[in-house]
Amino acid sequence: MRAWAVGGDFQARALLCSDPMARTGLTEIRIHGRGGQGNVVAAYLLATAAFEAGRFGQAFPSFGPERRGAPVAAFVRIADRPVRLRSQVHNPRFLIIQDEKLLHVSGITGGLLPGGGVLVNSRRSAEQLRVPGAARTVTIPATALAIEILGLPVPNTALVAAFLALTELLPLAALEKALARRFQGEMLDRNRRLVGAAAARVQAAVWQEEAERAATA
Amino acid sequence: MQQPLEGSEAIARAVALCRPQVVAAYPITPQTHIVENLARLIADGELECELVSVESEFSAASVALGAAAAGSRAYTASSAQGILLMTEVLYNIAGLRIPLVMTCANRAVGAPVSAWNDHQDSMSVRDAGWIQLYCADNQEAVDTTVTAFRIAEQTELPVMVCVDGFVLTHTLEPLELPTHEQVDRFLPPYRFARALDPRNPISIGTLVSPDFYPEARHAHHQAVLRAQDAILDAEREWRALTGRSAGGLLALEGPADARVGILCLGSVFGTLADAAAQYPSAEPVKLIKLRTFRPFPFDALQQACRGMSDLIVLDRALSIGAGGILGNEVRAALSELPTAPRIYNFAVGLGGRDVAPSLYPQLLEAVKAARPARFAVFDLEPDKLAHQDR
Amino acid sequence: MAEAKTPPAAADLRRRQPSFRGLDSGHFACPGCGQALAARLVTEAAGPDILVANATGCLEVFTTAWPFTAWRVPWMHSLFENAPAIASGMEAALKAQGRSTKVIAMGGDGGTFDIGFQALSGMLERNHNVLYVCHDNEAYMNTGVQRSSSTPHAATTTTSPAGMHRKGKRHLKKDLLSIIAAHHIPYAATASVAYPSDIRQKVRRGLEIEGAAFIQIHSPCPLGWGHDGALSIEVARLAVQSGLFPLIEMERGEVVAVMRLRNVRPVADYLRLQERFVHLFADDPLAHEELEHLQALADHNIETYKLRADTPGPRDSEGADTVRRGGLRWA
């Protein structure tokens, strides 16, 4: 573990190399949803799954007073080594949209890197949705799946599972371990089943190449 | 052993490891998760503690004060409006020389009303006589919290651990919690020499006339200055015990002989550090992560800035009508150097405005133009200003 | 001083009352200060095994001028508005430490009715095991006699002076005890320095219960009320005997006992002795009206609390009730 990741002696450290490849392996994801849809938990699950897979994960919500139904966003950074920056994700490689009606909000896909992927919680197909500025769009009916398997209309687990299946950014087993940190017993079993069901709904690895692309400065 | 934790939960667990006997809780965004986590630890039997859910922050600080005076390790946390409401008590605690640790989850102070992060709250009480330590990330928040109890109890001074609200409190990232064994070895049980005890009755908080007052204040001031030693001792021992730095007085990153520097407090450091790699500059730049703000580390700062030609000081708060707070204190400290650097004092991220890595090259532009700024709000968006304010 | 022997156990400490002087002489209260007397009586009855949290006010000022203190019990003064919160913190600490030392909070009427009101309500709502004693001298005396919400109707203070158009304080004395009643704490009472045994008994009752207790002690201030210090006890007694300051006890918001008045005195007898009411005796319709108003207030108290001795009251069977209840615990 690099010393500066967990605090340490910074005295006389050489400036980090100027190679843009220094950020190789950093993937930035933005998750949009509404208060009450488990937006923050989705982000935390991703970052925790990264940890379970031996990588670095950072997650935080766009902050503000808590309120059901208000549009919210959360940010995730997954990398091979610790990331210290804490700004909001302005140029995500991937977007996860928990509520398709948010697509009407102007700028919701703002900053998406060219070729970046958008995963939308929707019963409709990607062609029907027509997400502006997005080259790759995938939809899954995450809420319906959640109601069916969890008994709750919370789409986050399904979306995160589908995302990981699409990108192979992290193994699904890592997501299951992340879920095990949060849930026990019946709820954990259901969440695990939901992971499988959601992953099965998407074409595995179609976004893998995009996921492996280095972040541009 | 590392684990992924939300900042608030990590801080709560760090507090719990220190075995406080009394925790006073009053909700205010963005500190609330800390006391909620503590409440859950108590409810699950992981912490034996009296949790007093008070009816305002004024009482939160007062309950903590009463408990500490009565011989129990105590803790509370607050932000923004709550810090200001309890200001009178903060002065009282420090002046009475009562050991206490408090987390300030930094947040902007109204008006205008804001729930977002900046340092106006803790800066507003910098004169109260507390030790003030600023954390750059959640690992530092954990390590500073534990070491704070020891520093407080050794110096008989209260310690305010400042943690950027939301940016740190609500961020999940991997970090390492110390073990029970480590903390128990590092932090002896609470023993306050002047604790209230019927077996040895004393009176605390008497009226002090002009005959004695200046001496009391001098003694307090000296005690806070001397606390630098306790801070460094704690730092050394913590590093020996865990292998980690809690932050010390300040930390440097970059070439030791760099003539350009950027100084900041708190979490914006992380963004700057990564930005320095993302936007390499021809001119070597040294980053100064100030961690101890009170006592103000005059000597360490002067040493770090010796030979510097230009220093950018980033404030996350301001003294309305005068300018930057950190900027002016740094300016004063460095004016004692035979050749002080040119100072560029900017406020960034006020009220939680996002500090993007692209700020870094923009800051260095100001140095290139050799335009020292007495003070300016750096990340203004002029089209949002009324005409006369542009 | 070295600790050569083991410190005395808590039970030993308590056995040393009531001759224990928790507040000793040598302080510089005004001659005839009701509050000094009340504080002495309270600490005598409480014994040495207590911690005191004292709000800003006369008491704290005249008993502790660095480097001296008149207190022989552990004592702390923090601020004006937080004695109940300080006491709550002390109580939580003692509970966490497993100690049986009791906490007494003391505040004047300013620190209790006004600026400390919120903290008091919080402490009572959480039912901390604390006895709160309010020294009620009916104004901000320490700062020079300004009106508080405890100041009686028509009393003169520097911020409610009587003049051509005004006859002293316009508003009624805040009915704090009804507010305390609404908190349903185990025990609340009013007392007066004119009845020292009654104070001691109520203090012991308050300290014996587990939970919050509140006692409001009427304490004349010769300077602020405008009478000779030697008359403090008589003035206090007349306040009670007129019905203006009824002595009652409540358990969980219900009145369980009152001090009955065998010889009800007209309020004028009480008011006449104090300069703060002298304007009520002018030959002036407004003055007459206010005097009648005060008498009406007294009459109202007498009726509400059934203060007249000829009506039977619960304390008549006090002894038998106590035995039936199983002892001296008033919970």
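Chain B holds 13 helices and 18 strands. Helices (H or I, at least four residues) and strands (E, at least two) are DSSP runs, numbered from the N terminus. This is a predicted model: local features need pLDDT of at least 70, side-chain atom pairs count only at pLDDT 80 or more, and totals for chains, interfaces and linings use all residues. Residues are numbered from 1 along each chain as its sequence is written, while chains are lettered from A and ligands numbered from 1 in the order in which they are written.

**Overall shape of chain B**

- The radius of gyration of chain B is 21 Å, which agrees with the value near 21 Å for a compact globule of 390 residues. It is taken over C-alpha atoms, and the globule rule is 2.2 Å times the number of residues to the power 0.38.
- The C-alpha trace of chain B spans about 70 × 55 × 45 Å along its principal axes.
- Of the 390 residues in chain B, 62% are buried (20 or more other C-beta atoms within 10 Å of the residue's own, with C-beta atoms placed from the backbone).

**The six-stranded sheet**

- Six strands of chain B form an open sheet with mixed pairing, in the order β10-β12-β11-β14-β17-β18. Two strands pair if DSSP finds at least two bridges between them.
- β10 (250-253) and β18 (376-377) of chain B are the edge strands, each pairing on one side only.
- β11 (260-265) and β12 (285-290) of chain B run parallel, joined by six bridges. B:L263 has B:I288 as its bridge partner in β12(B).
- Helix α11 (298-305) of chain B packs on the sheet and touches β10, β11, β12 and β14 (310-315) of chain B. Its direction makes about 10° with that of β10(B).
- Helix α12 (325-334) of chain B also packs on the sheet, touching β11, β14 and β17 (342-347) of chain B. Its direction makes about 145° with that of β14(B). Axes are lines fitted to C-alpha atoms, for helices over the stretch in contact, and angles run from 0 to 180 degrees between N-to-C directions.

**Where chain B meets chain C**

- 39 residues of chain B are in contact with 41 residues of chain C (C-beta atoms, placed from the backbone, within 7 Å).
- α3(B) gives the most to this side of chain B, with nine residues.
- β9(B) runs parallel to strand β4 (75-77) of chain C, with two bridges between them. The bridge partner of B:S203 in β4(C) is C:W75.

Technical notes. Contact = placed C-beta atoms within 7 Å. Buried ≥ 20, exposed ≤ 12 C-beta atoms within 10 Å, placed from the backbone.
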